[in-house]
Amino acid sequence: YEPSYLALHALVYTQYTAEKPMPVTAYNRKVKDFVEKMLKSKDIKPDQKIVVLGFLAGAEEKVSKIYTARTMLQRSINLNPNDLKVRLQLGELEESAGQFRDAQKVYESALAAKLMDQPTEKKIYANLLRLYALLGETQKLAQTAKQALALYPNEVYFKNMAGQRAPAGKQK
């Protein structure tokens with residue numbers, strides 16, 4: 001693990017500081033090789049594996065390899081099911097690929113897991129409410145908006161989605 005990790009850092013550093021960086025495809029190929037060596041090494045720890053899989057998923061997503069990115073994120077969720085950020089990243093990836101029903105399932109399962117990470121949970125609620133509105137699922141929209149509003153009573157977006165109007169600002 002360690003030699004590939006150090007080589008990857010050196011590659012990234014030289015790519016950023018080089019006067020003439022290597023072409024993107026060659027760079028991505030080398031990064032992928034180092035990351036795959038890191039994942040196959042026998043001395044890799046579970047938390048290192050989670051970080052590496054997240055990094056690889058982000059790199060694959062940037063070069064439009066949605067299937068590979070999806071697979072890496074799903075593996076990362078299997079390794080650490082309590083990480084809401086990875087679930088949010090997978091849901092957003094599904095949305096960007098146009099797979100709205102799959103994104104909806106990811107967000108719903110993330111909320112059903114009842115994990116504690118308030119900023120991420122808030123984003124998941126907002127994304128799920130947007131999807132319900134987009135897909136015309138008004139009953140689920142109203143029910144989820146009430147749940148979100150119960151957890152975050154001061155959020156204007158959740159008030160709007162629940163059908164409550166925010167009070168008008170006072171003028172002096």
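Here is a short tour of this structure, stop by stop.

Before you click, know that this is a predicted model, where local features need pLDDT of at least 70, side-chain atom pairs count only at pLDDT 80 or more, and totals for chains, interfaces and linings use all residues. Residues are numbered from 1 along each chain as its sequence is written, and side-chain values use heavy atoms, with hydrogens and water left out.

**Whole chain.** Show the cartoon: you'll see nine helices and zero strands. Helices here are DSSP runs of H or I with at least four residues, strands are runs of E with at least two, and both are numbered from the N terminus. Of the 172 residues, 34% are buried, meaning under 20% relative accessible area with a 1.4 Å probe, protein chains only.

**Helix α5.** Select residues 84-96. How far apart are the end C-alpha atoms of this helix? They are 18 Å apart, which agrees with the 18 Å that 13 residues should span at 1.5 Å a residue; the expected span is 1.5 Å times one less than the number of residues. Now pick Asp-83, which caps the N-terminal end of α5 with a side-chain oxygen 3.1 Å from the backbone nitrogen of Lys-85. After the helix comes Gly-98, with a positive phi near 85°. Colour the buried residues of α5, among them Leu-84, Leu-88 and Glu-94.

**Thr-120.** Hop over to helix α7, where Thr-120 sits. Thr-120 counts as buried because its relative accessibility is 5%. Leaving aside neighbours within four places in sequence, Thr-120 is in contact (heavy atoms within 4.5 Å) with Leu-84, Lys-85 and Leu-88.

**Gln-104.** Next, go to helix α6 and find Gln-104. Is Gln-104 buried or exposed? At 4% relative accessibility, Gln-104 counts as buried. Setting aside neighbours within four places in sequence, its contacts include Leu-128, Tyr-132 and Lys-140.

Helices α6 (100-112), α7 (118-135) and α8 (138-151) each give two or more residues to the lining.

Terms used:
Buried means under 20% relative accessible area, exposed over 50%, partly exposed in between (1.4 Å probe, protein chains only). A polar contact is a pair of N or O atoms within 3.5 Å; within protein, one must be able to donate a hydrogen and the other to accept it, and residues adjacent in sequence count only if both atoms are side-chain atoms.
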